[in-house]
Amino acid sequence: MGTVEVVKVGGVISPFRARAIVVGRRMQDIGLQVFHNKTAMAGLIILIFFTVLAVAAPLIAPYGPLSAVPDVGPLTLPAPGHPFGTNQFGYDIYSQVIWGTQISLLVGVLAAAVASVIGTAVGLVSGFVGGWIDEVIMRFNDVVLSIPWLVLMIVIAARLNYLDLVGIILVIGLTGWSVTARVVRSQVLSLKERMFVERGRMIGSSNTHILLRHIFPNAFPLIFANTILTVAVSILSESVLAFLNLSVKSNVSWGRIIAEAYQHDALTIGMAEWLIVPGLCIVFLVFGFYLFGYALDEILNPRLRRR
Amino acid sequence: MAALLEVRDLTIEFTTKAGIVHAVEGASFDVERGEALGLAGESGCGKTTTALALMRLLPYNGRIVRGSISFAGRSLVPLEEASMRAIRWKEMSIVFQGAMNSLNPVQRVGRQIAEPIILHEDADSDVALKRAGDLLELVGISRNRLNDYPHEFSGGMRQRVMIAMALACDPKLVIADEPVTALDVMIQAQILDLLERLRRELDLAMILISHDLSVLADTCEQVTIMYAGKTMESGKTMDLFTDPKHPYTQGLVGAFPDIRGPRNMPEAIPGDVPSLISPPSGCVFHPRCKFAFDRCSNAEPELSELAPGRRAACFLYPEVTEVPGRSMPIATR
Amino acid sequence: MPGDPSLSIIPRDPKFRGLRDYMISFFGLDRPQWEQFVIYLQRLFTLDWGLSYQDHRPVADILLHDLGWTLLLVGTSTILTVLIGIAIGAYSAIRRGKPFDFVSTGIGIFLYGMPIFWLGLVLQSAFRKNSVFQGWIPWWPALPTSGYYDDRLIPWNWDILHVADAFLHLLLPALTLSLGTLAGISLVMRNSLIDVMTEDFVTTARAKGLSPRQVLRRHILPNGMPPMVSLIALDIAFILGGAYQVEVIFRYQGIGFRTIEAIGSLDYPLLQFIIVIGGAAVVIANLLADFLLLWLDPRIKIS
């Protein structure tokens, strides 16, 4: 039980509650630092903006993602009522951009979650168990890292003959965990050295207990920061797949809007918004995740903080 | 004749996110030609900062706000950077703590020793490398090792390389900042002997910085004790050790076991070095001082002469005056 | 298996049935998939990489030709990126906290999050003939936006006309790829140099009386390079991904362009070999990086 036992002996609060308080206090502390960090706040504001856009899309967007604007033909120039014009099917591009936020966020967050869970599990086991298992896992990780992920994704997507939403999340998640695994492993290695793990072991805790109760909670903030950065990468991956026409057909995503704008030569026909706006959306959303993730990393990683 | 180095009222501040750090306040000391001065005090009390300021090498957020440094008749504080560069290493060199990190890990030691010779004496690299070899032999390392990299040397050997490098341009003054701290006791003694021998042979002036008074005891003629950026006491080494005036010095001397005397457990000074961002009012040492009385927290004692060559800043001695205009605590900025 | 490759070779028409059956057995498509894979692996080791379903030429021949162009693109842009990235990174490391650092880091993170294909599209529109900018600024240049040399010059020939034209066609793709990867390199360079700058030996170097420029060149940069080399090698998969996008946008007929074509026609021998080449590129890049590190950092020994 390690450090928690001491509190229990005091007879005031349960070990579970003691841990909850300790973790809670640390989270509070981190929250406060985030609040005072300009970079983190800038990122957070961008993220909140896009989250609101995604959640409130049905309220904000004048039209559905795949419904034609009444009385207006395909490829019409921007005008009141359809500020970015209409696409080749007569759909409102402005509405499509708003709806696209949902797919980008959904795919980005879920794919990053998949990658993080796998990466964390691999990193925890590899770093904690050590020995030849660590060696084998890390070599395998090197192989995964050396596969050109984009090509692999494209080939998988093509082999599965166009992916649905779950498919696209799995493809991005399954190819994106190796960096997380490395980060987590090195964190575990340094945590392992720390005194309290030794103490925990001396009292007779099992390995699983040490791993889940001592190492994981301490590595968690860093894993979280890393996940935020992985979301940014996943959003970019989704946009590439969508642009290459390998992503979800039935849903509108920014990458697809750009692809359609490209195919219909949006700039020549005077519809620059068609190409530019969804691109800027990707840039800003990714920018937001990067800002927030880097700032969080800096707050949580004392080595960086010293700089 | 004026001393080689005269430091007067040297005051250094760092600007940090948390506030202004008053790293050194009003440091004053002299170093005569061929003489060794010891700077002592706990970690974080401004010794290294003082050393860096002497060479005008403070980090980007640090600056000298007040005071003067006069070296070989020249005033260093207002000197422009280019002239300062000509003085560095040529006339004043420095040996840092932990020579592992003070040597460039990806450059051969020969080149590193030769570098200042080429720079300051316009020597070509063959001549400079030959000199570097001579210097290595001077500190007891074979010249065959000129082409080795720092990681191929042991800790003590690296410190010798560092010392050889410091002597490369025949400087007038060598600053040794914790030169033996990271080394084990046997090697410490060897390095200190080497420094002492070189100092006598080459007639060097030296500033030896250490948190360990025993390191200074055999080497230095004069010792200055610093605490939280302020000078607490200064005087001849023997006087200071046999009859420490300031309670802080007494604590430091007491913190070392006397191997010759009766076996008393060394007495630690309770408490920690205070924050330099908002230092305590009055005497900076009063929160840890067992003799502190009312005046200590209200007024700041000035470093005053108790006997010829002997100065202390403590109100226990009637000769000690108050720092004018600072009888009330400075408003925290 | 989705998509029957035989359909992409022979039309689904009864009169071609005989030919189709022949082709299926020729390419071994009638065997179980695992058997196909084992045969593929066997051939991989005997340097027989199969024939393309498309034009029945050996896969290796097709890809060797493409590889040359991809290497030209990736090579040019990597060299460009490393040089500029190191310069920007070094400069903002020295000016840490000053406006240049702030602006370059901001732009860096911004560019870092930019999809390369979109950046390519924007640059393409900006530098095409009769672009919007040409209306505004009379001297705004128009650059080739597609292919790797002018179609009218076919066939490829090593004369000055071809080389100059190939260079012109390389400009935009290389610029796109460089901008897309520049940010990562300059950001890491900056952080790595800031790390080095806090080391004691840098203070030693300054204490020696070296000028800031000398300190940077002789002491900081040589110590900041090894982490950069490892990083670029690790990033090579990312750079290749970028190159793929650029090739598609600019119809630059390297491996990436070929990949998209091969996907369209389900040309599996080609696709499989493309993945092998990609993996090999990463392995080779890492080997090169290891050799470079051995030379840059004397602390690393062959073990």
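**A loop, a sheet and a set of helices**

Modeller: I begin with a point in chain A, where A:T268 lies in the loop between α12 (254-263) and α13 (272-300). The model is a predicted one. A:T268 has a relative accessibility of 54%, so this residue counts as exposed. In sequence, A:T268 and A:F84 are 184 residues apart, while their C-alpha atoms are 15 Å apart in space.

The part I would look at closely is the sheet in chain B. This open sheet has eight strands, in the order β6-β7-β8-β3-β9-β10-β12-β11, and its pairing is mixed. At the edges stand β6 (92-95) and β11 (304-307) of chain B; each has a single partner strand, so one side of each is without a neighbour in the sheet. On average, neighbouring strands of this sheet are turned by 20 degrees against each other, with direction ignored.

Within the sheet, β8 (205-210) of chain B deserves a separate look. Six of the six residues of β8(B) are buried, so this strand is largely enclosed by the rest of the structure. Its side chains divide between two directions: B:A205, B:I207 and B:I209 point one way, B:M206, B:L208 and B:S210 point the other way, and all of them are buried.

The partners of β8(B) come next. With β7(B), β8(B) pairs in the parallel sense over five bridges, and B:L173 stands opposite B:A205. With β3(B), β8(B) also pairs in the parallel sense over five bridges; here B:A40 stands opposite B:S210. Strand β3 (residues 36-40) of chain B is in turn joined by four bridges to β9 (residues 222-227) of chain B, and these two strands run parallel. In that pair, B:L39 has B:T224 in β9(B) as its bridge partner.

Helices lie against these strands. Helix α1 (residues 47-54) of chain B lies across β3, β6, β7 (173-177), β8 and β9 of chain B, and runs at about 150 degrees to β8(B). Helix α6 (residues 155-166) of chain B also packs on the sheet, where it touches β6 and β7 of chain B, and its direction makes about 175 degrees with that of β6(B).

α6(B) has a helix partner as well. It packs with α7 (residues 185-202) of chain B at an angle of about 15 degrees, the two axes being 10 Å apart. That angle makes α6(B) roughly parallel to α7(B), because angles under 35 degrees count as such. The crossing of α6(B) and α7(B) is right-handed. On the α6(B) side the meeting residues are B:G156, B:Q159, B:R160 and B:I163, and on the α7(B) side they are B:I187, B:Q190, B:I191, B:L194, B:L195 and B:L198.

For context, here is chain C. It has 13 helices and zero strands. Of its 303 residues, 49% are buried. Chain C exposes about 15,300 Å², of which carbon and sulfur atoms supply 66%. Among its contacts with a separation of 6 or more, 66% are between residues 24 or more positions apart. Seven of the 10 residues of helix α12 (residues 255-264) of chain C are buried, so that helix is largely enclosed by the rest of the structure. These buried residues are C:I255, C:G256, C:F257, C:R258, C:T259, C:A262 and C:I263. After α12(C) comes C:L266, with a positive phi near 50 degrees.

Note on methods
Residues are numbered from 1 along each chain as its sequence is written. Chains are lettered from A and ligands numbered from 1 in the order in which they are written. This is a predicted model: local features need pLDDT of at least 70, side-chain atom pairs count only at pLDDT 80 or more; totals for chains, interfaces and linings use all residues. Side-chain values use heavy atoms; hydrogens and water are left out. Buried means under 20% relative accessible area, exposed over 50%, partly exposed in between (1.4 Å probe, protein chains only). Contact means heavy atoms within 4.5 Å. Accessible areas come from the Shrake-Rupley method with a 1.4 Å probe; for residues, only the protein chains shown count as cover. Two strands pair if DSSP finds at least two bridges between them. Axes are lines fitted to C-alpha atoms, for helices over the stretch in contact, and angles run from 0 to 180 degrees between N-to-C directions. Angles under 35 degrees count as roughly parallel, over 145 as roughly antiparallel, 65 to 115 as roughly perpendicular and the rest as oblique. A crossing is left-handed if the near helix is turned anticlockwise from the far one by less than a right angle, and right-handed if clockwise.
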